[in-house]
Amino acid sequence: MFTGIIEELGRIERIERTSDAARITVRGPLVTSDAGHGDSIAVSGVCLTVVDRDTESFTVDVMAQTLAMSTLAGAVQGTAVNLERAAAVNSRLGGHIVQGHIDGTATVLAVTPGSAWRVLRFSLGAEHAPLVVDKGSIAVDGVSLTVSNVSPADEAEQWFEVSLIPETLTATTLGQRVVGDRVNIETDILARHVARMFAMQNAATPVRSNS
């Protein structure tokens with residue numbers, strides 16, 4: 001489990017691809033400092049398992065499903081990534097509960113600058129739209145953020161916005177995002193559970209005939 005508070009900006013050093021997987025080496029001296037074999041590190045929101053490490057870099061294996069669902073499919077050597085170690089049980093929950101199990105990707109639709117902050121608008125798939133609410137939590141590329149605005153429920157193309165403070169713009173990859181970029185998103189785990197419960201309840205409710 002993670003909190004969505006990014007510890008370090010890392011960079012992909014090497015990618016070895018096969019037909020249905022990839023082995024990726026990421027430079028991140030801070031998160032590597034106490035990493036052990038089998039530890040979890042979130043790479044731009046994707047929970048991955050350390051299989052090897054040296055003093056400043058760690059290596060992970062990424063399976064086909066993860067590549068298909070995330071921006072890691074398009075990563076290249078030099079790509080900047082947000083890094084966070086798994087939360088310790090005695091640490092403060094500075095963001096929100098983030099699993100590192102992303103729902104998919106979203107596209108940057110608009111970037112609106114302010115005096116010292118920036119508003120980013122992202123696309124939102126129909127399957128994810130019910131899980132995102134104004135003032136709710138969402139993880140974008142692993143960053144815990146508060147939703148500052150959402151599209152009306154009846155709008156054809158759904159979207160959500162986040163407002164980024166200077167610290168987030170400089171300490172994460174979100175400060176580099178431009179229109180057209182893709183990001184990983186993870187909706188709130190509580191919203192996902194509630195949606196599933198309602199779906200199961202509706203499926204189990206018999207349809208009554210009026211005849």
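The model is predicted: local features need pLDDT of at least 70, side-chain atom pairs count only at pLDDT 80 or more, and totals for chains, interfaces and linings use all residues. Residues are numbered from 1 along each chain as its sequence is written, and side-chain values use heavy atoms, without hydrogens and water.

Of its 13 lining residues, T71, A75, T79, R177 and R182 are the closest to its centre. (On a 1 Å grid over the protein atoms alone, a pocket is an open set of points where a 1.4 Å probe fits, with protein on both sides within 12 Å along at least five of seven lines; lining residues have an atom within 4 Å of a point. The volume is the space filled by probe spheres set on the points, joined across faces, edges and corners.) The lining has four nonpolar, five polar and four charged residues, with Gly counted as polar and Asp, Glu, Lys and Arg as charged.

Now follow R182 into the strands. R182 lies in β12, opposite T107. Strands β7 (residues 104-113) and β12 (residues 182-187) pair antiparallel over four bridges. Strands are DSSP runs (E, at least two residues), numbered from the N terminus; two pair if DSSP finds at least two bridges between them. The six strands β7-β8-β11-β10-β9-β12 form a closed barrel with antiparallel pairing.
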